[in-house]
Amino acid sequence: MNRLSTVLLLGTLTMTTIAHADALDGLFDNSIVGSISQAINDAYNPNDSRNDDNDDRRWDESQRRNDDDRRQYEDRRRQLEERRRQLDDQQRQLDQQRRQLEDDERRLDDDFR
């Protein structure tokens, strides 16, 4: 009886193992394995074309922002240069008026003496 129960127990364990293996095979069909493989491939190969498109888009946006920033900088720089020229012109006019005033004062003093 001891041998019979041992054989029966081993046979049951073997059949259970085979049944589990069949169940696992059904779980891992090609679509699941394919999607897992693709996920692993994407994780280890980030230079995929999809990532390249994202990188290109980010680079284009960065370039566009840099161009906009550069344009704003140049516009502001031109405005400041124009303001400096205006102030220089005003200073020249004030200097000229001051010289004119000094000349008028000298003439007045000369005439009074």
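**Reading helices, charges and patches**

Modeller: Buried means under 20% relative accessible area, exposed over 50%, and partly exposed in between (1.4 Å probe, protein chains only). This is a predicted model, where local features need pLDDT of at least 70, side-chain atom pairs count only at pLDDT 80 or more, and totals for chains, interfaces and linings use all residues. Residues are numbered from 1 along each chain as its sequence is written, and side-chain values use heavy atoms, with hydrogens and water left out.

Colleague: How many helices and strands does the protein have?

Modeller: Both are DSSP runs numbered from the N terminus: helices are H or I, at least four residues, and strands are E, at least two. Here there are three helices and zero strands. The order from the N terminus is α-α-α.

Colleague: In which helix is confidence lowest, and in which is it highest?

Modeller: Read pLDDT, the predictor's confidence in each residue, from 0 to 100. Helix α1 (residues 2-27) is lowest, with a mean of 66. Helix α3 (residues 49-112) is highest, at 90. For the protein, the mean is 80, and 72% of residues reach 70 or more.

Colleague: What percentage of the 113 residues is buried?

Modeller: Buried residues make up 0%. The protein exposes about 10900 Å². Carbon and sulfur atoms supply 51% of that area. Areas come from the Shrake-Rupley method with a 1.4 Å probe; for residues, only the protein chains shown count as cover.

Colleague: Back to Asp75. Which side chain does the side chain of Asp75 meet in a salt bridge?

Modeller: Side chains of opposite charge can pair when their charged atoms come close. The rule for a salt bridge is a side-chain nitrogen of Lys or Arg within 4 Å of a carboxyl oxygen of Asp or Glu. Asp75 pairs with Arg78, at 2.4 Å from N to O. Both lie in helix α3, three residues apart, about one turn of the helix. Arg78 is partly exposed, because its relative accessibility is 46%.

Colleague: How many salt bridges does the rule give?

Modeller: The count is seven. Among them is Arg71 with Asp68, whose closest N and O atoms are 2.9 Å apart. This pair also sits in helix α3, three residues apart. Arg71 has 46% relative accessibility, so it counts as partly exposed. Asp68 has 36%, so it counts as partly exposed too. Another is Arg92 with Asp89, at 2.2 Å between the closest N and O atoms. Arg92 and Asp89 are three residues apart in helix α3, about one turn. Asp89 is partly exposed, because its relative accessibility is 37%.

Colleague: Now patches. Which residues form the negative surface patch?

Modeller: Patches take residues with over 30% relative accessible area and no salt bridge; like charges are joined within 9 Å, nonpolar side chains (Val, Leu, Ile, Met, Phe, Trp, Tyr) within 5 Å. Lys and Arg count as positive, Asp and Glu as negative; His and the chain ends are not counted. A charge is placed at NZ of Lys, CZ of Arg, CG of Asp or CD of Glu. The negative patch is Glu102, Glu105, Asp109, Asp110 and Asp111. Glu105 lies in helix α3. Its relative accessible area is 45%, so Glu105 is partly exposed.

Colleague: Which residues make the nonpolar surface patch?

Modeller: Ile36, Ile40 and Tyr44, over about 350 Å². Tyr44 is in helix α2 (residues 30-44).

Colleague: Why does Tyr44 count as exposed?

Modeller: Because its relative accessibility is 68%.
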